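Subject: Structure handover

Hi,

Here is the structure I promised you. Please open it and keep it beside this email while you read.

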Amino acid sequence: QAPALVTPDDIIEYDLDCAPCNANGRGSFLERFIHGAVYKARPDVGGICFTSSPSHTALASHTAPLATYYQYGGIFYQLCDRVALKHELDTPEGIAEVVKALGSNRAIFIAGWGAINVSENLRYAYAEAECLMLSSTRQVKALRIGGAPMEHDVARSYQSNYLKPEVQFRLQMWLAAERRITAGAPEVFRA
């Protein structure tokens, strides 16, 4: 559901086998199995964000090479891929395909579904998901009009700068997102 509608009682905790610890009769989403599989395969991951924005689903199914068309997309320069699944996503085989395709990347586009972002914590995964959405939107628009992507050296430079701890770009992106989210649901984030 939308972040503005979430209350503390809505949050369900899961173990690594994706069994709910506090469901209290509430239903769960299938995506939790992807999260559990990624956490098991990637000990460096502390946060996962699964999104299905229109730009993500469009790029996930497109055949154009993924490229950097926007400065924020520099984070993902050569650290993002796409996969067209041979199995349904809600099967063990489909989940294994996603985890394998993700590899050591920061993000993966999944045809028919959207994108998964991973990072060392949930705040950064969310901030990077927003960056990927901004970049994806611009790539989809550029593909419509025949725009050219950034030069590789420029994209690599943005990536290098954005990932430096002293720059704190991802923290700033999270703080901006947190302000927007808490404005809609302050009781959740101040609990």
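This is a predicted model: local features need pLDDT of at least 70, side-chain atom pairs count only at pLDDT 80 or more; totals for chains, interfaces and linings use all residues.

**The cores**

Start with the largest nonpolar core, which has 19 residues. Tyr72, Phe76, Phe109, Cys131, Leu132 and Phe169 have the most contacts inside it. Four elements each supply at least two residues of this core: α2 (54-61), β3 (107-110), α4 (122-145) and α6 (169-184). There is also a second, separate core of 15 residues. Val45, Leu89, Ile95 and Val118 are among its members. As background, nonpolar side chains in soluble globular proteins tend to be buried together.

**Helix α1**

Now find helix α1, residues 31-41. Its buried residues are Arg32, Ile34, Gly36 and Val38. They pack against β1 (47-51), α3 (92-102) and β4 (114-119).

**Asn117**

Asn117 lies in strand β4. Is Asn117 buried or exposed? It counts as buried, because its relative accessibility is 0% and the cut-off for buried is under 20%. Leaving out residues up to four places away in sequence, Asn117 touches several others, including Gly47, Ile48, Cys49, Phe76 and Leu132.

**The cysteines**

How many disulfides does the model have? The count is zero. To see why, recall that a disulfide needs two cysteine sulfur atoms within 2.5 Å. For Cys80, the closest cysteine sulfur is in Cys131, 12 Å away, so that pair is too far apart for a bond. For Cys131, the closest cysteine sulfur is in Cys49, at 11 Å, which is again too far for a bond.

Cys80 is buried, with a relative accessible area of 17%. Cys131 is buried too, at 1% relative accessibility. Setting aside neighbours within four places in sequence, Cys131 is in contact with Tyr72, Ile75, Phe76, Phe169 and Met173.

**The empty space**

Rolling a probe the size of a water molecule over the atoms shows where empty space is left. Searching the whole structure turns up one cavity of 30 Å³ or more. The largest cavity has a volume of about 40 Å³. Which residues line the largest cavity? They are Leu30, Glu31, Ile34, Leu89, Asp90 and Trp113. Four of the lining residues are nonpolar, none is polar and two are charged.

Best wishes

Technical notes
Residues are numbered from 1 along each chain as its sequence is written. Side-chain values use heavy atoms; hydrogens and water are left out. Buried means under 20% relative accessible area, exposed over 50%, partly exposed in between (1.4 Å probe, protein chains only). On a 1 Å grid over the protein atoms alone, a cavity is a set of points where a 1.4 Å probe fits but cannot get out, and a pocket is an open set with protein on both sides within 12 Å along at least five of seven lines; lining residues have an atom within 4 Å of a point. Grid points are joined across faces, edges and corners, and a volume is the space filled by probe spheres set on the points. Ala, Val, Leu, Ile, Met, Phe, Trp, Tyr, Cys and Pro count as nonpolar, Asp, Glu, Lys and Arg as charged, and the others, Gly among them, as polar. A nonpolar core is a set of buried Ala, Val, Leu, Ile, Met, Phe, Trp, Tyr and Cys residues joined through side-chain atoms within 4.5 Å. Contact means heavy atoms within 4.5 Å.
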